[in-house]
Protein chains: 2
Amino acid sequence: MFELARRRALEALATGSGIDEDIMEILDEINRREEYYTTSSCSGRIVLISLPEAGAKKKAKFVAKWHRPVSFEELQNSLKIWADNMHRGEELWLLAQSPIIHVAAKDLSSAKQILKVAVAAGFKYSSIKSVSADRTVVEILSTERMDVPLGIDGEIFCSERFLRFVLERANFVLQRGKRKLEKLLSALRKLR
Amino acid sequence: MFELARRRALEALATGSGIDEDIMEILDEINRREEYYTTSSCSGRIVLISLPEAGAKKKAKFVAKWHRPVSFEELQNSLKIWADNMHRGEELWLLAQSPIIHVAAKDLSSAKQILKVAVAAGFKYSSIKSVSADRTVVEILSTERMDVPLGIDGEIFCSERFLRFVLERANFVLQRGKRKLEKLLSALRKLR
């Protein structure tokens, strides 16, 4: 069961597109081991989401999504798009998210091994998400994160100076996440 | 080993103080079962932290901490305290945090049971944090969270209107977390 699922996951990864360059080497390093395969990943991102009602993140619509640092002009353009297309009552939030990798491990002891490596490399929020007879799923996750509400009803409440400050922090969070990926890669290589 | 650690944890809980009322019933409901004991918990909170340098949350100093909704006047008072006492380069962040409970389970199957209940009750970020011969630790955690930078060098960048908006959202996040605790309590009771 595990071997078959692993083969299919690796095939999908080889033929698929849309994987961030930043994270590909890490996925390869994990997938070269028979006891693991990766099921999903993101190298970290800055996103603008529009929520139809407060806190209803499930119903969020993406206004913009970047896997790299964002310039103030890019942010402003996206805010304008939102303001022009917004619906009454919608809230705009800026999120900065840490890298995330889901790894299926063939047993609990393999799961514990990669969990230990991830935590040691600075991914302190890593954990085991599920355990079944077929596989144990590990989530590799860091603590960096921002969740900032920016406005409602098409109106941005904060000043340009504050927006610049928030964006600078978001870019910092993103780059800190990418640096941790480098640390994770060298830790994984040492396991060989 | 597990039984002894459990007895000590329950004694510490019975004699300890500082446990939020909101969460005590849930801890009792978990701790009445021989296969579990709780090791730490928070019913959710709104905090102001001052960071000596960008993103260095490990070195954060608490400026204020509330386990209940916060009024705008309370927030303003705390911002003033920070501005009066700040050190050069320090950043002020407002965080709203979901409830969190750490549960030690005597084995993997007990851990999986409580993890399933927690996820079904809306605590979607719940996971297994560690697995050892002695115990398996489950973290019960929800997705609600805010991490908003407010200012630097003793200066708050955002307008009063924006601050009110952020605080309203933070209070909403807090109360949403508390409602989920009620859902978790009734789900745990059904397990009996």
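A salt bridge is a side-chain nitrogen of Lys or Arg within 4 Å of a carboxyl oxygen of Asp or Glu. I begin with that term since much of this talk rests on it. Please note also that the structure before you is a predicted model.

Let me start with one such pair. In chain A, the side chains of Lys61(A) and Glu90(A) form a salt bridge, with N and O 2.8 Å apart. Glu90(A), by contrast, is buried, with a relative accessible area of 6%.

I turn now to chain A as a whole. Chain A contains five helices and nine strands. Read from the N terminus, its elements follow the order α-α-β-β-β-α-β-β-α-β-β-β-β-α. The C-alpha trace of chain A spans about 50 × 30 × 30 Å along its principal axes. Of the 192 residues in chain A, 50% are buried. If we take the contacts in chain A between residues at least 6 apart in sequence, 71% of them join residues at least 24 apart.

Is Glu144(A) buried or exposed? Its relative accessible area is 9%, under the 20% limit, so Glu144(A) is buried. The side chain of Glu144(A) makes a polar contact with the side chain of Ser142(A), at 2.3 Å. Another polar contact, at 2.8 Å, joins the side chains of Glu144(A) and Arg176(A). Leaving aside neighbours within four places in sequence, the residues in contact with Glu144(A) include Ala96(A), Gln97(A), Val173(A) and Lys180(A).

The next topic is Leu188(A), which has its place in helix 5, residues 160-190. Leu188(A) is buried, with a relative accessible area of 1%. Which residues does Leu188(A) touch, not counting those up to four places away in sequence? They are Ile26(A), Glu29(A), Ile30(A), Arg33(A), Ile114(A) and Val117(A). Two of these names return in a network of salt bridges, which links Glu25(A), Glu29(A), Arg32(A), Arg33(A) and Arg189(A). To give a sense of distance, the C-alpha atoms of Leu188(A) and Asn171(A), 17 residues apart along the chain, are separated by 26 Å.

Let us move to chain B. There, Arg176(B) forms a salt bridge with Glu144(B), the closest N and O atoms being 2.8 Å apart. This pair links distant parts of the chain, with Arg176(B) in helix 5 and Glu144(B) in the loop between strand 7 (136-141) and strand 8, 32 residues apart. Arg176(B) is partly exposed, at a relative accessible area of 26%, whereas Glu144(B) is buried, at 8%. In total, the structure holds 29 salt bridges over all chains.

How do the two chains relate to each other? Chain B can be laid on chain A with an RMSD of 0.0 Å, by a turn of 180 degrees and a shift of 0.0 Å along the axis. That is the relation of a two-fold axis. The same surface serves both copies, as 100% of the contact residues of chain B recur in chain A.

How much area do chain B and chain A bury between them? The figure is about 3100 Å², with 60% of it on carbon and sulfur atoms. Arg145(B), Phe157(B) and Phe165(B) supply 21% of the area that chain B buries against chain A, more than any other three residues. In terms of contacts, 36 residues of chain B meet 36 residues of chain A.

The count between chain B and chain A is four salt bridges. A salt bridge also joins the side chains of Glu155(A) and Arg161(B), at 2.7 Å from N to O. Residue pairs in polar contact between chain B and chain A, both at pLDDT 80 or more, number 13. Strand 8 of chain B gives the most to the side that touches chain A, with eight residues. The residues on that side of chain B divide into 18 nonpolar, seven polar and eleven charged.

Note on methods. Residues numbered from 1 in each chain as written. Chains lettered and ligands numbered in written order. Predicted model: local features only at pLDDT ≥ 70, side-chain atom pairs only at ≥ 80, totals over all residues. Heavy atoms only, no water. Least-squares fit on C-alpha atoms with pLDDT ≥ 70 in both. Contact = heavy atoms within 4.5 Å. Buried area = accessible area lost by both parts, 1.4 Å probe. Polar contact = N/O pair within 3.5 Å; in protein donor to acceptor, adjacent residues only side chain to side chain. Helix = DSSP H or I, 4+ residues; strand = E, 2+ residues; numbered from the N terminus. Nonpolar A, V, L, I, M, F, W, Y, C, P; charged D, E, K, R; others polar. Buried < 20%, exposed > 50% of the residue type's maximum accessible area, 1.4 Å probe, protein only.
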